[in-house]
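Subject: Structure for your review

Dear colleague,

Please find below the structure that I promised to hand over. My findings follow it, and I would be grateful if you read them with the structure open.

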Amino acid sequence: MKKNLVVLTGAGISAESGIKTFRDADGLWEGHNVNDVATPEGWNNNPKLVLDFYNQRRQQLKEVEPNLGHQILAELEKDFEVQIITQNVDNLHEKAGSSNVLHLHGELLKVRSTVNRNYILDWQDDLNFDDVDDKGNPLRPHIVWFGEEVPALEEAVFLVEKADILIIIGTSLQVYPAAGLMNFAKPSTPIYYIDPKPAQIYELPNDIKIIAATGSEGMKIVQKELKNWK
């Protein structure tokens, strides 16, 4: 029986593909203050700015490709039951071929009703003010903004609890509740943490191997080590 390999990914894995993060840029995301484009208050204050911002991100997504880190994770499905839990809103894991991807913070290529959280549509092009749900309510980006509930969190906790091996890639471990997920791993679960500037981790009973590298370089190392775990 294949072992359960659970992978937590953050913005760092997508940065190699050309998608910018904001944690390394003084709170700016593609030149915008995060509070203006990634909070309910920002949406209420200036919905046009928010729509334009995510329309640009959606178009940018069509111009980037998965990198080696994404590809190795997809390849690992041959030997493991791989479940990816990502903080990223891009589709690069899916594009690389990963089958099981849980998006904690929503998805750029989906929109949802401003009234009914469960009314979600696939969306490839620009979202405009006159786009509405089946009841005539405006649509909004399907993004979990700062200050909003994370609906997928309970499922993510369940998956981490079942993990035989846990890999964390490209995250500053600063964004909660996602940053606390590794605390739900069994004490016997080995953890690999890959990041060029890894955060300090304290008081976890697990065996943690920290690899100060990009997602692609780190996953090349981990892929070799995982041959002993099959």
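Which residues lie nearest the centre of the second largest pocket, and how many residues line it? Please bear in mind that this is a predicted model. The lining comprises 22 residues, and those nearest the centre are Arg112, Arg117, His142, Val144 and Pro151. The pocket has a volume of about 370 Å³. Strand 6 (106–113) provides the largest share of the lining, with five residues. Strand 5 and strand 8 (139–143) also supply at least two residues each. Sorted by class, the lining holds eight nonpolar, seven polar and seven charged residues.

Three bridges connect strand 6 with strand 7 in the antiparallel sense, and Val111 stands opposite Leu121 in strand 7.

A second open sheet is formed by six strands in the order 5-4-1-9-10-11, with parallel pairing. At its edges are strand 5 (101–103) and strand 11 (208–211), each of which pairs on one side only. Neighbouring strands here are turned by 15° against each other on average, direction ignored. Strand 10 (residues 191–194) runs parallel to strand 11 and is joined to it by four bridges; Tyr192 stands opposite Lys209 in strand 11.

Helix 8 (residues 215–225) lies across strand 9 (165–169), strand 10 and strand 11, and runs at about 155° to strand 10. Helix 8 also meets helix 5 (residues 68–75): their axes come within 7 Å and cross at roughly 30°. Because of that crossing angle, helix 5 is roughly parallel to helix 8. On the side of helix 5, the contact involves Leu68, Gly69, Ile72, Leu73 and Glu75. Their counterparts in helix 8 are Gly215, Ser216, Met219, Lys220 and Gln223. By class, this contact has four nonpolar, four polar and two charged residues.

Yours sincerely

How values were computed
Residues numbered from 1 in each chain as written. Predicted model: local features only at pLDDT ≥ 70, side-chain atom pairs only at ≥ 80, totals over all residues. Heavy atoms only, no water. Pairing = 2+ DSSP bridges. Axes fitted to C-alpha atoms, helices over the stretch in contact; angles between N-to-C directions. Contact = heavy atoms within 4.5 Å. 1 Å grid on protein atoms, 1.4 Å probe; cavity = no way out; pocket = protein on both sides within 12 Å on 5 of 7 lines; lining within 4 Å. Points joined across faces, edges and corners; volume = space filled by probe spheres on them. Nonpolar A, V, L, I, M, F, W, Y, C, P; charged D, E, K, R; others polar. Parallel < 35°, antiparallel > 145°, perpendicular 65-115°, else oblique.
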